Amino acid sequence: MIYRYLPAAVALVALSACQETDTPTSALLEQRVVTALGGLEIGESLSLSGEAAAEVVLGGSESAGDFILIPFHASREQGAELAVGLGGTDLGTPGPSQRAPDPRGGWTVPESSLPGWEMHESMLARFRTGAEAARSKLPSGLGPQALANLVPSSDLRGGDLAVDQLVELNTDTDGDFCADLDVRTGRVEAISSGAVVVADVDNPKDGFTRSDYEVFAERFDSLIEPTITGAFGEPTDIDDNGRVVVFFTRAVNELTRPTDEGFVGGFFYSRDLFPDTPADPCPASNQGELFYVLVPDPAAVASHIPHTRDGVFAGALGTIGHEYQHLINASRRIWVNQANSFEETWLDEGLSHIAEELLFYADAGLSRHSNVSLDDIFGSTQLLNAINQFGIQNLIRYGLYLEEVTNDSPTGAGDALGTRGATWAFLRYLADHQPRSDPEFFHDLVNSQDAGFDNLASVVEGDPVDWLQQWGVSVYADDLVTAAADSAFQQPSWDFRSLLPELFGDFPLFVRTLSGSGTLEFDVVSGTSGYVQFRSPANGAAQLSIDSGGETPPAKLRVTVVRTK
């Protein structure tokens, strides 16, 4: 579909001037009408799918026109690949597709911005398998009443915890979900109205002090708790202490293997939400709401990667907010919402990255639709500090997705950094285009009995696959293509075109070029798009052919073409 209304009489006159001897398809007919009328205006777009996308004819203006062609793989099947073949006739070479970078320097990437996703992915797979098995053993009809009847027996139970008290906590992540133990002794370092901060007594030297832990507890109460629960809902309180436990332990550092270049900044383990009772034994569970956080280790005692105090401090609050969403999501699915399963990994991780973004907005004094730019960040110390604590990791992950855009997807099955970045950016785009506030939208996603695509479909207006296609166009067009005719192609909360070059040197989106009578072949995984730029000649038309593995494009191959210059 072309986003322009054409008077019928004009369209017929234009058609009679074409003097074609063949019988064009309706889609091709529309393209030729628009070409005869002078072509697409800058910002206007053409949308085709399946057989109708086999031929594209665009141009017609007195000057050459630059276009971006965006093939999208419309499928919910995770990891499926779709072959795309392009051929061109009479194509020129397009001009630069980037805004000129405006580097400022001085933007220090925190060390915690580059965690080891491969080890985290394997951990999540083990966690999910064990959690689903444990959940299946619980009686049906779980709900708030079943939660109220729990009487867990753990060191975290009740409201009698005190500073300097020693507690025993299981940190095992490799063994059997409900059986294996790796018990560490922790000392309660700080208690606030919402958090109990515990430190492993065997943590490496030159780490956090008690005053540091008190800062974490205070920031949890003043920033993290109201922001995260306001968006996603309250967690359960299995241990009946009215708080969540934040365990700073070298066990997180020890997850880094000798060959790993990255590391895990923290984790939540749903095992701790299961009771250890005679009817449902799970002795490995800590029977409470807690998560585990990396600790400073400047001498690299716990792993081969050293971690400075300042580096870990800068990333810890974002990690806590990220893991808090996981805790809320899982605890409400088990004990409150009576969900059919745990949330799928891609959506659960994306929501946790949304949690980090919401903390950025709260800390920076901003809200969505602010179109945060590089000028904004470097024009305010408050914004710069906030994005370094809560935003920079999302930006880096999104940039990694853009570099591998046809090979990764917001709905991918794995836990790669690029997948996370894409899911975060897609969820932000979705929220920006819904007629509800962020808390309303994200609360509905977390408090659902469905998961994955089914969850999205029950919350958004329209098919999530359609939204993925439109988001894919916005990835290129936002803050670049002037006079964009469709607001669906805009991302109103972030000016990625200004921000990402500061981290990557330029805007990292991988764009192919088709010129002359050349050809291109590539694969596009499900739920994502590819990007091909081309130029139509002055006073002429660009002609493109599109196929899939040498065959007519299937319905799941959708194509959008936008005039950019």
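Which residue just after α8 takes a positive phi? Glycine 365 does, at about 75°.

This is a predicted model, in which local features need pLDDT of at least 70, side-chain atom pairs count only at pLDDT 80 or more, and totals for chains, interfaces and linings use all residues. Residues are numbered from 1 along each chain as its sequence is written, and side-chain values use heavy atoms, with hydrogens and water left out.

**Figure 1. The protein as a whole.** The protein has 16 helices and 15 strands. These are DSSP runs numbered from the N terminus: helices are H or I with at least four residues, strands are E with at least two. Of the 565 residues, 58% count as buried. Buried means under 20% relative accessible area, exposed means over 50%, and partly exposed lies in between (1.4 Å probe, protein chains only). A contact means heavy atoms within 4.5 Å. Among contacts with a separation of 6 or more, 77% come from residues 24 or more positions apart.

**Figure 2. Helix α8 and the glycine that follows.** Helix α8 covers residues 345–364. Its 20 residues should span 28 Å at 1.5 Å a residue, and the end C-alpha atoms are 29 Å apart, which agrees. The expected span is 1.5 Å times one less than the number of residues. The helix is mostly covered, with 18 of its 20 residues buried. Glycine 365, with its positive phi of about 75°, comes just after α8.

**Figure 3. Helix α12 against helix α15.** Helix α12 (residues 417–432) and helix α15 (residues 464–477) pack at an angle of about 105°, with axes 10 Å apart. Axes are lines fitted to C-alpha atoms, for helices over the stretch in contact, and angles run from 0 to 180 degrees between N-to-C directions. That makes α12 roughly perpendicular to α15, a term for angles of 65 to 115 degrees. From α12, the contact uses Ala422, Ala425, Phe426, Tyr429 and Leu430. From α15 come Pro464, Trp467, Leu468, Gln470, Trp471 and Ser474. By class, the contact has nine nonpolar, two polar and no charged residues. Here Ala, Val, Leu, Ile, Met, Phe, Trp, Tyr, Cys and Pro count as nonpolar, Asp, Glu, Lys and Arg as charged, and the others, Gly among them, as polar.

Figure 4. Rings of Phe, Tyr and Trp (its six-membered ring) pair if their centres lie within 6.5 Å; planes over 60 degrees apart count as edge-to-face, under 30 as stacked and the rest as tilted. The count comes to 30 aromatic pairs. Phenylalanine 208 and phenylalanine 216 have ring centres 5.2 Å apart and planes at 70°, so the pair is edge-to-face. Phenylalanine 208 is buried at 11% relative accessibility, and phenylalanine 216 is buried at 2%. Tryptophan 424 and tryptophan 494 also form an edge-to-face pair, 6.0 Å centre to centre with 70° between the planes. This pair links distant parts of the chain, 70 residues apart: tryptophan 424 is in α12, tryptophan 494 in the loop between α15 and α16 (496–504). One aromatic cluster includes Trp424, Trp494, Phe426 and Trp471.

**Figure 5. Two loop residues with positive phi.** Most residues other than glycine have a negative phi. Aspartate 164 has a positive phi of about 80°. Its place is the loop between α4 (144–148) and β5 (166–170). Aspartate 164 is partly exposed, at 45% relative accessible area. Asparagine 539 has a positive phi of about 55°. The loop between β13 (532–536) and β14 (541–547) holds asparagine 539, which is exposed at 61%.

Technical notes:
Parallel < 35°, antiparallel > 145°, perpendicular 65-115°, else oblique.
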